[in-house]
Amino acid sequence: MTVHPSLQNYADAWTHSIEAIVELVQPLAEGEWNWRTPCPAWSVRDVVSHVIGMESEMLGDPRPIHSLPRDLYHVQNEFARYMEMQVDVRRHHTAPEMTAELEYTIIRRNRQLRNETRSPDTMVRAPLGKEQTLETALRGRAFDVWVHEQDLRTTLNRPGNLDSPGAHVTRDALLAALPKVIAKDAGLPPNSAVVIDVHGPLEFLRTVRVDAEGRGSIDGSPSLGPLVTLALDWETYYRLACGRVRYNAVADRVKIDGDQELAAAILREFAVTR
């Protein structure tokens with residue numbers, strides 16, 4: 001790779017997860033591509049179609065000209081409509097067509113990354129006609145492909161890579177969103193704190209503090225008197241934060257100490273992506 005040093009971590013994580021996805025789907029029979037995944041409303045084929053579509057956009061390929069059916073109940077906003085376009089256009093593709101396009105797209109993306117000379121702050125294409133920095137884009141792709149790798153692993157009963165490079169990128173992205181979840185969405189009172197204690201393949205302890213003005217921040221030092229402490233395993237944490245499961249389905253895997261009502265509010269708002 002000749003990627004800028006600050007981008008190398010994301011390129012490596014992306015490569016690790018995308019190769020795992022290829023390995024997972026290559027042997028699938030035609031019918032297995034229709035199995036439902038934890039990603040709401042998407043099948044195995046839909047998840048792989050999404051990955052192909054997003055990587056194609058990173059390559060600068062034109063978006064498909066396609067009209068979505070009107071009965072897609074899960075498409076509720078413009079962002080969902082944007083994402084669904086790359087998925088629906090491939091819904092009738094066969095297993096060999098899917099794997100061939102996936103592999104070809106990865107070859108092209110690997111070449112692009114290998115020859116990347118742009119700086120991390122270069123503005124590049126983002127969904128809905130917007131722009132983002134190259135660093136943000138690569139971080140987002142590393143996050144996205146790891147989460148979708150886990151969607152496929154769950155569906156195919158092939159657990160693994162919960163501590164891979166992509167898992168670390170995902171952990172950091174989800175933790176960055178936690179102050180807003182706790183301070184704003186869940187409404188933690190000023191001058192208070194919540195401790196999140198995660199164990200398993202990835203272990204970490206973080207404290208989210210809300211200051212006198214209601215602003216949230218996060219750090220790795222423990223709090224002497226948190227209003228709430230949540231202890232859970234890493235797999236449950238990411239599944240909750242990525243909207244793959246609701247709290248009532250995994251309540252036995254979350255230990256709550258402190259204010260039960262506040263804990264319920266936090267867990268109700270825990271999903272930061274879908």
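User: Which residue in E6 is the bridge partner of Asp-197?

Analyst: That's Ala-231. Keep in mind that this is a predicted model.

User: Okay. In which sense do E3 and E6 pair, parallel or antiparallel?

Analyst: Parallel, with 6 bridges between E3 and E6.

User: And how many bridges join E6 to E7?

Analyst: 5, and there the two strands run antiparallel.

User: Is E6 largely enclosed or open, and why?

Analyst: Largely enclosed by the rest of the structure, because 5 of its 6 residues are buried.

User: Switching to packing. Which residues have the most contacts inside the largest nonpolar core?

Analyst: Leu-178, Leu-230, Trp-234 and Tyr-237, in a core of 39 residues. Elements giving two or more residues to this core include helix H5 (134-156), strand E3 (192-199), strand E6 (228-233) and helix H7 (234-241).

User: Which element gives the most?

Analyst: H6, with 7 residues.

User: What does Tyr-237 touch, leaving out residues up to four places away in sequence?

Analyst: Leu-174, Leu-175 and Leu-178, then Ile-196 and Val-198, plus Leu-232 and Phe-270.

Key: Residues are numbered from 1 along each chain as its sequence is written. This is a predicted model: local features need pLDDT of at least 70, side-chain atom pairs count only at pLDDT 80 or more; totals for chains, interfaces and linings use all residues. Side-chain values use heavy atoms; hydrogens and water are left out. A nonpolar core is a set of buried Ala, Val, Leu, Ile, Met, Phe, Trp, Tyr and Cys residues joined through side-chain atoms within 4.5 Å. Buried means under 20% relative accessible area, exposed over 50%, partly exposed in between (1.4 Å probe, protein chains only). Helices (H or I, at least four residues) and strands (E, at least two) are DSSP runs, numbered from the N terminus. Contact means heavy atoms within 4.5 Å. Two strands pair if DSSP finds at least two bridges between them.
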